[in-house]
Amino acid sequence: MTTKYWDAYEPDAKAPWNLLRVVHLHRRAAFAAPWDDLQRDVKAGPGAAVERLLKGESTAHTPADFALTAGVLTDAAASVGDLNRLKAAWFYRMLFGPDPVRERLALLWHDHFATGNAKVNNVGAMRRQSDLFRTHARDRFAVLLNAVVRDPALLEYLDAPANRRGHPNENLARELMELFTLGVGNYTEDDVKNAARCLTGWGVEENAFAERPERHDDGEKTVLGRTGKWTGTDLVNQLLRHPATATRLARKLVAAFFGESACPDDAVQELATGLRARDLDVSGAVGTVLRSRLFFAEANVRSRVAAPAEFVVGSARALGLFDPAPSTLAMADWSARMGQDLFDPPNVGGWLGGRAWINSRALIARANYAAALIEGPNAGRRDAYDPAAAAQSAGFGTARADVLTYHHRLLFGTDPGAEIGTRLARLDGRKLVIALLSAPEAQLG
Amino acid sequence: MLTRRSLLKSAPLLALAPTVPAFLARTARAAGPGPDARVLVVLQLDGGNDALNTVVPFADPEYAKLRPRLRIGAARVVKLNDALGLHPALKPLDELWTGGRLAVVPGVGYPNPSRSHFESMAIWHTARFGAEETRTSYGWLGRALDSGGGESCVVSPEAPQAVRGRRAAAVSLTRTADLLLADPDAVKAAVGAPAQQADDVLAFVRRQASDAVASAEKVEAMTREKSGAPYPASGLGQKLKLVARLLKAGSGSRVYYATQGGYDTHAQQPFAHANLVSEFADAVAAFFADLTAAQVADRVALLAFSEFGRTIRENDSAGTDHGTAGCVFVAGPGVGGGVIGTAPSLTDLTAGEPKMTTDFRRVYAAALSEWLGLPAKGLGEPMPPVGVFRK
């Protein structure tokens, strides 16, 4: 993908490699990072910093038994059928995991292939689906899509088991075309009807995907102008080849990694062209995005509303609250109160995202989470956060001005300006940090 | 450089932010809607409610043919007249019906219906047609509140497109505690003064944050009063209980908006649908009983809709697929009860589905002009209000 829009970022006077861009990289591509990681990456330079994130290399705050613990938490949640514990296990991975980009993409796929347990009603199936999003997070889209359309939770959510020869159920076919691949405007009602016939016989048996030939309509169907005795696999392959799928995928990635208006439409098209040329290789596209000049451009800094899960995890990670960490059960609940309840998206369209994350209730929930995190108990921490001690261990003084400077640099990558200094003039200690996390600026990443 | 034009082009819906901080706008309009102003409670039944098994044409032999497994017999329906009856689980609405406070409008839809949940819901939300128009348009309630003043209150984590307007503010919440700040002093300091003019995302968040602080103060003062009225423990029951609490506390919102999900009944419909309409009926009945006891019911009308009805023919999974026109309920003391309009024919079909008999914009016109007293001119074309309210 060597193109005009996606040139690699090289620091220069206009876009220097500095703390601002390191904070931007971590907030946008991962879930924010603590002070030591930021300092390490300022020194390492953009190449090494980006490659480390792309590779998902272990960080100092990842516990040695991370994989084991994450597995035990997930297994336990699934075996007792406790959805809240399953949500908590996901937050555990986001908070501690060595590969935050993978977790970031797993969340993206949960949003793209939105499936709600309110209907699926099977915690084990929801667990397997989220594992699938994680396993295939940066695979070629063909691998991911083929796995997801055969995923029992999604099939149940979209009534696939009811779809059989002579009695097509259109739900899966419609959402497959409208939401997962092409998008509205690229197919007709007849295409939906015929696509549903292609998918007849796909269902779930004993919690696993099952394709039953006796339920399959093996007659001729015409989908998007092509006629044949298509199967579900043929349909999925045809949708994968359609140019609209690459465009839709490019838009999703841009929405995840760019703020409002920071990525021109031509660049989206160019990303889509690159995706098509490279067999919808998600990993390649994510690399292209994160290495690009466009990603590090001024217009892309702090111009995107952080999703609730990003805000919840990012605040804790930035402050280095790993030991003792907040309760991940509490984190999942706070995220839900901000509007993002994992495993329960509002509908198959996923969350609206962007400015729709911001309303009175959500902002109050964000501010209340900030207070809970700093004060301790309501976020499941015994002890309150100690701002002066944190500043001191980062090499700053303990005076109010030092505490403000340290936390402002940590959260925003810059020194506090006169305006925010005036706003926060009367606050000190924990209240000062609560205010920084509640500030409008902190809701952007 | 982020221009308004580029913003509209790239993220049209997102640009629909109020341009004046809503709490300031509210202060300016304080002389407008007072605590006695009429309010509209909109209830969105998400997923496409099966209108045919909600308002059942039990006497029509065609109904039995179309619904060999799903049909509800004449003996079970709650009879409205000789032709139509309500689903038996809607029995709790009988008191509103016999009191002449429930209007049932069958066959409500729009031309060339879309069977996509999102497109169809966007059309109902905006009263606009076409992908581009529905994507970029303000909502039907947002537009009306823009011109007539007042705010809406959404009992849901996200404000639906219907209430979005240029200025109209939407406060959203799901429980009272969600609108109270744990540390008001720190947050007030952090928010600062909202930017009046800029359209960028930071200015947007600042305006919303100012509004959040103002809302928190208001709700704190407003919700100290306890409610003793019995409500079902269901999700919808608790949402309407919260709406009633705000109403009784004198909230100035003109519009309340709540959602009940789960109506996308493609398979094994009977049990699921009975549970859904039962939750609906129990919650609405409890809501009006509470408001009546508190003597605020006269101010309140409730409008329930779904984005479409379902296919009139049942499918082979004992369910129904995405159909076209649906039914609308309007309830409250100001409502002139009865079956309003005509139930659609089950034999005169287009693409296998009945033709709509009432344009949904006529229901909106009635709600806006005859109930809320707001201009209904934002509906695209002049729509004669359907006669659901008492003159």
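1. In this predicted model, the contact between the two chains draws on 54 residues from chain A and 54 residues from chain B. Within chain A, the residues that lose the most area to chain B are Arg355(A), Arg361(A) and Ile364(A), which together account for 18% of what that side buries.

2. The extent of the interface may be stated as an area. The size of an interface is often given as the accessible area lost when the parts come together. For chain A and chain B, the buried area is about 4400 Å², and carbon and sulfur atoms contribute 58% of that area.

3. As to specific interactions, 4 salt bridges are found across the interface of chain A and chain B. A salt bridge also joins the side chains of Asp316(B) and Arg164(A), with an N to O distance of 2.9 Å.

4. Several helices of chain A supply two or more residues each to the side that touches chain B: H10 (171-180), H17 (328-337), H18 (360-375), H21 (418-423) and H22 (429-438). Helix H18(A) gives the most to this side, with 7 residues. By residue class, the side of chain A that touches chain B comprises 23 nonpolar, 14 polar and 17 charged residues.

5. Gly319(B) is placed in the loop that runs between strand S9 (300-306) and strand S10 (326-331) of chain B. Is Gly319(B) buried or exposed? Gly319(B) counts as buried because its relative accessible area is 0%, where the cut-off for burial is under 20%.

6. The surroundings of Gly319(B) can be listed. Beyond its neighbours within four places in sequence, Gly319(B) is in contact with Leu70(B), with the residues Thr265(B), His266(B), Ala267(B), Gln268(B) and Gln269(B), and with Glu314(B). Gly252(B), by comparison, lies 67 residues from Gly319(B) in sequence and 42 Å away in space, C-alpha to C-alpha.

7. On confidence, the predictor assigns the complex an ipTM of 0.94 and a pTM of 0.74. The average pLDDT of chain B is 85, and 84% of the residues score at least 70.

8. One segment calls for caution. Over residues 1-33 of chain B, pLDDT stays under 50, although the model has 69 contacts beyond four places in sequence for this segment. Where pLDDT is low, the predicted coordinates should not be read in detail.

Conventions: Residues numbered from 1 in each chain as written. Chains lettered and ligands numbered in written order. Predicted model: local features only at pLDDT ≥ 70, side-chain atom pairs only at ≥ 80, totals over all residues. Heavy atoms only, no water. pLDDT = per-residue confidence, 0-100. Contact = heavy atoms within 4.5 Å. Helix = DSSP H or I, 4+ residues; strand = E, 2+ residues; numbered from the N terminus. Buried < 20%, exposed > 50% of the residue type's maximum accessible area, 1.4 Å probe, protein only. Buried area = accessible area lost by both parts, 1.4 Å probe. Nonpolar A, V, L, I, M, F, W, Y, C, P; charged D, E, K, R; others polar.
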